[in-house]
Amino acid sequence: MLNSFKYFFCLLLVMISLPSFAQEEDEDTIASVESLQHQLALSIDVVQPIVNSQVDLKKSYEAAIDYYWRKDIYFVLEGGFGSSVVNYPDLAYQSRNTFFRAGINKSLLPRLKPNDWDMAFLGLRFAAAPINISNVSYTVVDSVWGNNGGIIPDKDFTGYWFEIVAGMRVELIRNFSAGWTMRGKFLLNSKQFRDLAPVYVAGYGKGDKNGVFDFNVYLTYAIRWNK
Amino acid sequence: MISKGRNLLLLFSLVAAVLLVACSQQRQPCLEPTNISVRAGIYTTNIDTAGVASIVSYALPSPVWGIIDSLGNSTFLYFNTNTSFFRFTLSSLSDECRWIIRPDTLANTITDTLTFSYSRQLTFVSNGCGYRYYYTLNNVNTTHNNIDSVITNKTEVNNDLNAEHIRIYFIKRVDIPPFPSVTHGPYPTI
């Protein structure tokens, strides 16, 4: 957890210092211009459906909305849902969850023209996921005294985590963009996962890891209107 | 206008993402210890030529040990030579179990019975390992044919591989050849 907060504050420092670096760079090289439009962008993760078709144990779907505020800062809302199935000889259960993330992106690329929406960005997210785990069937294998199994009743709980993200988005044709986002995710309430950490939490990843990396590829449609 | 480089970067990203996510579908390996057991060190009282007594680790010459099941049937399961360490698996089916130990098969010594009383905690280890029972030792009783006493060092029996939970003090008998004191090594695998 200490490491998580260390990364968090390092990123905050970087983001706070970006405008000053950008100003220095502007004076020397490229002048960044402000957009004359508002933008609301709708994104869908296009990798997850491919993975879902290849993997039986887990399903996940994800979409995002971001709104351009000003000075290359975007407000971001993300959400999705998914499930996982575990069917091992000594452990069997199902889990499903929805998830929501909220945060900001800060574009690091200077805007060359008012209608230049390409971006390479850093960002932060706070995320929550209500999780349901079905009845858990378990067997403790013991070659000396004999196996011991049972059923643990179903359980609902909420997982919280924060993310440090980095990525890029490029406009391929007018209003349509593609891009990727890399995510470092750090679980905030790992105690909730002690009784049983789901093998997969949609939006997070492996439930028995306190920190995970993940990757999204988005296709984006942007709605723009004049200020 | 989108450059060729940007398109290639996007394509590379897509392929990398698919590979990254798709390779994570197999069951994770179990990296935790799976054999949760009571670890016991064997000791005896050594009296030197000056008549000074000291507690020393003691290697039993050719011990056999096993269980008494819920029906009262005794079964010897393990045999070893010159060992001063034992592992006793606790039964997850009840809060008490009994182990028998004979220190020297060759000398046909009498068997002692160790009775473990404990509470059980079902514990989720990981998706790779599943669930395990951890235990809290409440009491360890013994007969006194060859064993003088049993001292509990550590009551929590879990995945800590370095713990010596109990010390079994043997009576040094004439028919058990005197072995030199030994230093602790790894516990035998059972």
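**Entry 1: a sheet in chain B**

I began with strand β8 of chain B (residues 130-142), which pairs with β10(B) in the antiparallel sense over 2 bridges. For my own reference, helices (H or I, at least four residues) and strands (E, at least two) are DSSP runs numbered from the N terminus, and two strands pair if DSSP finds at least two bridges between them. Within this pairing, B:Tyr135 stands opposite B:Val157 in β10(B).

Before going on, I noted that this is a predicted model, in which local features need pLDDT of at least 70 and side-chain atom pairs count only at pLDDT 80 or more, while totals for chains, interfaces and linings use all residues. Residues are numbered from 1 along each chain as its sequence is written, chains are lettered from A and ligands numbered from 1 in the order in which they are written, and side-chain values use heavy atoms, with hydrogens and water left out.

Then I looked up the sheet to which these strands belong, and found an open sheet of 6 strands in chain B, with antiparallel pairing and the order β4-β3-β6-β7-β8-β10. Its edge strands are β4 (74-79) and β10 (156-157) of chain B, each of which pairs on one side only.

**Entry 2: chain B as a whole**

I listed 1 helix and 11 strands in chain B, and from the N terminus on the elements run α-β-β-β-β-β-β-β-β-β-β-β. Of the 190 residues of chain B, 43% count as buried; buried means under 20% relative accessible area, exposed over 50%, and partly exposed in between (1.4 Å probe, protein chains only). I also looked up contacts (heavy atoms within 4.5 Å): among those in chain B between residues at least 6 apart in sequence, 57% join residues at least 24 apart.

**Entry 3: where the chains touch**

How many residues does the contact take from chain A and from chain B? I found 42 residues from chain A and 38 residues from chain B. The two chains bury about 3300 Å² between them, 65% of it on carbon and sulfur atoms; buried area here is the accessible area (1.4 Å probe) that two parts lose on being put together, summed over both.

Across the interface of chain A and chain B, the rule finds 7 residue pairs in polar contact, both residues at pLDDT 80 or more. A polar contact is a pair of N or O atoms within 3.5 Å; within protein, one must be able to donate a hydrogen and the other to accept it, and residues adjacent in sequence count only if both atoms are side-chain atoms. The count of salt bridges between chain A and chain B is 0, a salt bridge being a side-chain nitrogen of Lys or Arg within 4 Å of a carboxyl oxygen of Asp or Glu.

**Entry 4: salt bridges of A:Arg183**

Over all chains, a search of the whole structure finds 15 salt bridges. One of them joins the side chains of A:Arg183 and A:Glu78 (2.9 Å, N to O), linking strand β9 of chain A to strand β3 of chain A across 105 residues of sequence. A:Arg183 also meets A:Glu163 in a salt bridge (2.7 Å, N to O), and here strand β9 of chain A is linked to strand β8 of chain A, the two residues being 20 residues apart.

Why does A:Arg183 count as buried? I noted that A:Arg183 counts as buried because its relative accessibility is 0%, and A:Glu163 counts as buried at 0% as well. A network of salt bridges links A:Glu62, A:Glu78, A:Arg101, A:Arg125, A:Glu163 and A:Arg183.

**Entry 5: strand β5 of chain A**

In strand β5 (residues 119-133) of chain A, 12 of the 15 residues are buried, so the strand is largely enclosed by the rest of the structure. It runs antiparallel to β4(A), joined by 11 bridges, and antiparallel to β8(A), joined by 15 bridges.

**Entry 6: A:Asn175**

Lastly I looked up A:Asn175, found in the loop between β8 and β9 of chain A, which counts as buried because its relative accessibility is 16%. Its side chain reaches the backbone oxygen of A:Ala222 at 2.7 Å.
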